[in-house]
Amino acid sequence: MLKNKFERLELKEDEYIELVHLFVLTSRSDINKLQSAINSNDTEKVSMIAHSLKGAAVNLGLEEFFELAKIIEEKARDGQLEKTAETAYIFQNKLDGIADIINS
Amino acid sequence: MENQGRNDNEKNTENSRHQKLSVIRPLELPETKNSAHILLAEDNPINQKLAKMMLIKAGYQVETADTGKEALDKFITSSGGFDLVFMDMQMPEMDGIEATYHIRKWEAKSIAPSLMLNGKEGEDLSTSIFELTPHRKRVPIIALTANAIKGDKEKCLEGGMDDYITKPINRDILFEVIEKWVSSAKLSGVSPI
């Protein structure tokens with residue numbers, strides 16, 4: 001699944017895995033920050049964090065994460081924080097999924 | 001039938017040309033450019049690492065900064081100077097535009113003592129500053145922008161940047177811009193006095 005992604009970036013598999021590993025670590029911490037921003041109704045901060053998640057995902061070719069971060073960003077801008085919380089939860093689950101793949 | 005055959009031939013030639021290009025391209029970068037020293041200012045750790053990996057693999061020497069402030073500090077204190085700066089527009093503490101402003105201001109003081117001669121009479125012309133600074137040329141600064149927002153290019157250029165590339169980071173565009181600016185800067189750079 002990840003093969004065409006690192007080939008597209010002309011990286012070696014271990015280099016790409018290192019980047020995805022970093023993506024998982026930083027995204028987990030970002031999602032935590034995002035959840036506390038949702039709890040304090042800070043829509044500006046939510047969309048800022050989502051924007052950064054989106055930027056990282058797109059550079060690594062992780063389209064699923066990009067789409068989810070995009071939804072979070074847009075919904076936060078619209079003030080729909082309930083929807084962003086739901087999507088953040090899906091994002092988090094997907095992170096666990098990709099973490100399992102790279103750890104195996 | 002004949003036409004069909006010719007089209008196929010054209011297609012084959014086209015295909016083999018593409019293959020040839022993609023095989024040759026990485027070797028086309030002259031060694032001198034690959035030794036270029038690059039400052040990469042990008043706050044997103046993943047994007048920073050990805051760009052750094054790409055640049056190091058191509059043989060460039062890379063220094064990184066997580067904020068505009070760090071980029072400015074590294075730029076000023078670097079002993080050998082940089083050949084090119086990649087500057088993210090949005091960064092915490094100090095954004096790319098502000099860091100560029102300070103870099104240009106510092107460069108103007110360091111590389112153009114003649115401008116200082118036009119300063120107020122009796123002003124310390126600080127030739128010692130000039131002698132101490134290793135930089136002798138205006139370093140190209142390339143903006144990294146998150147999206148191609150209309151007017152963003154103008155904002156970069158007005159802010160003292162030379163060019164911009166949009167994210168996601170594309171390896172070919174990254175190298176193209178280095179080739180464009182590092183060589184031209186070397187050609188038109190202010191010669192040491």
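Two residues are in contact if their C-beta atoms, placed from the backbone, lie within 7 Å. Helices are DSSP runs (H or I, at least four residues), numbered from the N terminus. The model is predicted, with local features needing pLDDT of at least 70 and side-chain atom pairs pLDDT 80 or more, while totals for chains, interfaces and linings use all residues. Residues are numbered from 1 along each chain as its sequence is written, and chains are lettered from A in the order in which they are written.

Let's begin with a helix pair. In α4(A), residues including A:Phe65, A:Leu68 and A:Ile72 meet residues of α5(A), among them A:Thr84, A:Ala88 and A:Phe91. The axes of α4(A) (residues 63–77) and α5(A) are 8 Å apart, at an angle of about 160°. That angle makes the two roughly antiparallel (over 145 degrees).

Chain B also touches chain A: 12 of its residues contact 14 of chain A. On that side of chain B, six residues, the largest share, come from α3(B).

Finally, α2(A) has 27 residues, 13–39. Its buried residues pack against α1, α3 and α5 of chain A together with α3 of chain B (buried: 20 or more other C-beta atoms within 10 Å of a residue's own). Just after α2(A), A:Asn41 takes a positive phi of about 60°.

Key:
Expected span 1.5 Å × (residues − 1). Axes fitted to C-alpha atoms, helices over the stretch in contact; angles between N-to-C directions. Parallel < 35°, antiparallel > 145°, perpendicular 65-115°, else oblique.
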